[in-house]
Amino acid sequence: MKIKYITKLDEQLTCELQELIKKCQLNDGTSREPYLSNILNFDQSMPAFFIALENGVAIGLLTVYADTRESVTLTINVEPHHRRRGYARLLFQAYKEVATAFQVHQPLFQTEAVFLQNNSDFVKNSKLIQIEDSELWMARDRVRYDLEEHSQWVVAKAEITHIDAIAEFQSIVFEIPLELGVTYAREAIEDKNSYLYILSVDNKVIASCNIDFSSSYNYMYALAVLEEYRGRGIGSYLIKSVVNDLILQNEKKFQIAVDRTNTRARQLYEKLGFNDQTEVIFLKENI
């Protein structure tokens, strides 16, 4: 068995790893797909994919999502017939050896409630503990919304010319430095597997939503509206506009995530036709 680590995946390897993930999902009843890109990582020179190979075939995968040194999430998938042989442990050990050089903090491990229910001894045997926070992932079929256009709300895919306006908006709603907003906006626009939609009023960006379509779903994330414009239906309008536009572009269904305790957002998504799909659980080392 050999472990290799890389920063980016080519198309052939992406397809191979997607097949591995599908095998794991079918076996475990899970539905959360790991992000197969490093474009949102704080340092794109840091390896984001650790792959266990047996006779040249991928039988294990550890992915790294690290938008800052303080926020690192790992996902591990091992082909069902190769489990309980220490591959997950070896993948994590390989990650730790690399992570030391990049001075990242203790990571969280991402899994799903259904996996833990079917593998009751996993947490104990792995010497991990579950943290309180969790996410509900919700899904929606490809059904168009009846949407009455609003003359003052302009929804569009972001382009390079929008970067400064987007960065100013994101620095406010996400409370990040302006230069980091520029970086995030540029990465989202230039990523071939994502779109960034914005909603503007009088050429001012007041809402945005990112779409990642690298998996089998259109995954909607980072939905945000300027505080002074909230409560007017702008977030719903943006989601509806994005869904209707994407239905014309691909054959994928839709996913969105919400903190389990965020009842208000969950109720909004339910009204928009999203239904609970899975609960994502986060674990950390018991040290």
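In this predicted model, the structure holds 12 aromatic pairs.

**Aromatic pairs and cluster**

- Phe 92 and Tyr 95 form a stacked aromatic pair, with 6.0 Å from centre to centre and 15° between the planes.
- Both residues belong to helix α2 (residues 87–102), and because Phe 92 and Tyr 95 are three residues apart there, about one helical turn separates them.
- Phe 92 is buried, and Tyr 95 is buried as well.
- In the pair of Tyr 195 and Phe 213, the ring centres are 4.8 Å apart and the planes stand at 45°, so the pair is tilted.
- This pair links distant parts of the chain, 18 residues apart: Tyr 195 is in strand β8 (residues 194–201), whereas Phe 213 is in the loop between β9 (204–212) and β10 (217–225).
- Tyr 195 counts as partly exposed because its relative accessibility is 24%.
- Phe 213, at 16% relative accessibility, counts as buried because the cut-off for that class is under 20%.
- One aromatic cluster is formed by Tyr 5, Phe 50, Phe 92, Tyr 95 and Phe 109; the stacked pair of Phe 92 and Tyr 95 therefore lies within this cluster.

**Packing of helices α5 and α6**

- Two packed helices are described by the angle between their axes and the distance between the axes.
- For helix α5 (residues 163–173) and helix α6 (residues 178–190), the axes come within 8 Å and cross at roughly 125°.
- Angles of 65 to 115 degrees count as roughly perpendicular and those over 145 as roughly antiparallel; α5 and α6 are therefore oblique to each other.
- The crossing in which α5 passes α6 is right-handed.
- On the α5 side, the contact involves Ile 163, Ile 166, Ala 167, Glu 168, Gln 170 and Ser 171. On the α6 side, these meet Leu 178, Gly 181, Val 182, Tyr 184, Ala 185, Arg 186 and Ile 189.
- Classified by residue type, the contact of α5 with α6 has eight nonpolar, three polar and two charged residues.

- Most residues other than glycine have a negative phi.
- Asp 202 has a positive phi of about 50° although it is not a glycine.
- Asp 202 is found in the loop between β8 and β9, and this residue is exposed, with a relative accessible area of 73%.
- Asn 203 likewise has a positive phi, near 65°, and is a residue other than glycine.
- Asn 203 lies in the loop between β8 and β9 and counts as exposed at 77% relative accessibility.
- Between Asn 203 and Asp 133, the separation is 70 residues in sequence and 37 Å in space, C-alpha to C-alpha.
- Asp 133 lies in strand β6 (residues 128–140), where it is exposed, with a relative accessible area of 54%.

**Ser 216 in the loop between β9 and β10**

- Ser 216 lies in the loop between β9 and β10, and Phe 213 is in that loop too.
- At 41% relative accessibility, Ser 216 counts as partly exposed.
- Which residues does Ser 216 touch, not counting residues up to four places away in sequence? They are Glu 33, Lys 252 and Lys 253.
- Ser 216 and Phe 122 are 94 residues apart in sequence, and their C-alpha atoms are 27 Å apart in space.

**Other loop residues**

- Thr 161 is placed in the loop between β7 (154–157) and α5.
- With a relative accessible area of 70%, Thr 161 is exposed.
- Glu 228 is found in the loop between β10 and α7 (234–247).
- Glu 228 counts as partly exposed, its relative accessibility being 47%.
- The C-alpha atoms of Glu 228 and Lys 124 are separated by 47 Å, and the two residues are 104 residues apart along the chain.

Notes
Residues are numbered from 1 along each chain as its sequence is written. This is a predicted model: local features need pLDDT of at least 70, side-chain atom pairs count only at pLDDT 80 or more; totals for chains, interfaces and linings use all residues. Side-chain values use heavy atoms; hydrogens and water are left out. Axes are lines fitted to C-alpha atoms, for helices over the stretch in contact, and angles run from 0 to 180 degrees between N-to-C directions. Helices (H or I, at least four residues) and strands (E, at least two) are DSSP runs, numbered from the N terminus. Angles under 35 degrees count as roughly parallel, over 145 as roughly antiparallel, 65 to 115 as roughly perpendicular and the rest as oblique. A crossing is left-handed if the near helix is turned anticlockwise from the far one by less than a right angle, and right-handed if clockwise. Contact means heavy atoms within 4.5 Å. Ala, Val, Leu, Ile, Met, Phe, Trp, Tyr, Cys and Pro count as nonpolar, Asp, Glu, Lys and Arg as charged, and the others, Gly among them, as polar. Rings of Phe, Tyr and Trp (its six-membered ring) pair if their centres lie within 6.5 Å; planes under 30 degrees apart count as stacked, over 60 as edge-to-face and the rest as tilted. Buried means under 20% relative accessible area, exposed over 50%, partly exposed in between (1.4 Å probe, protein chains only).
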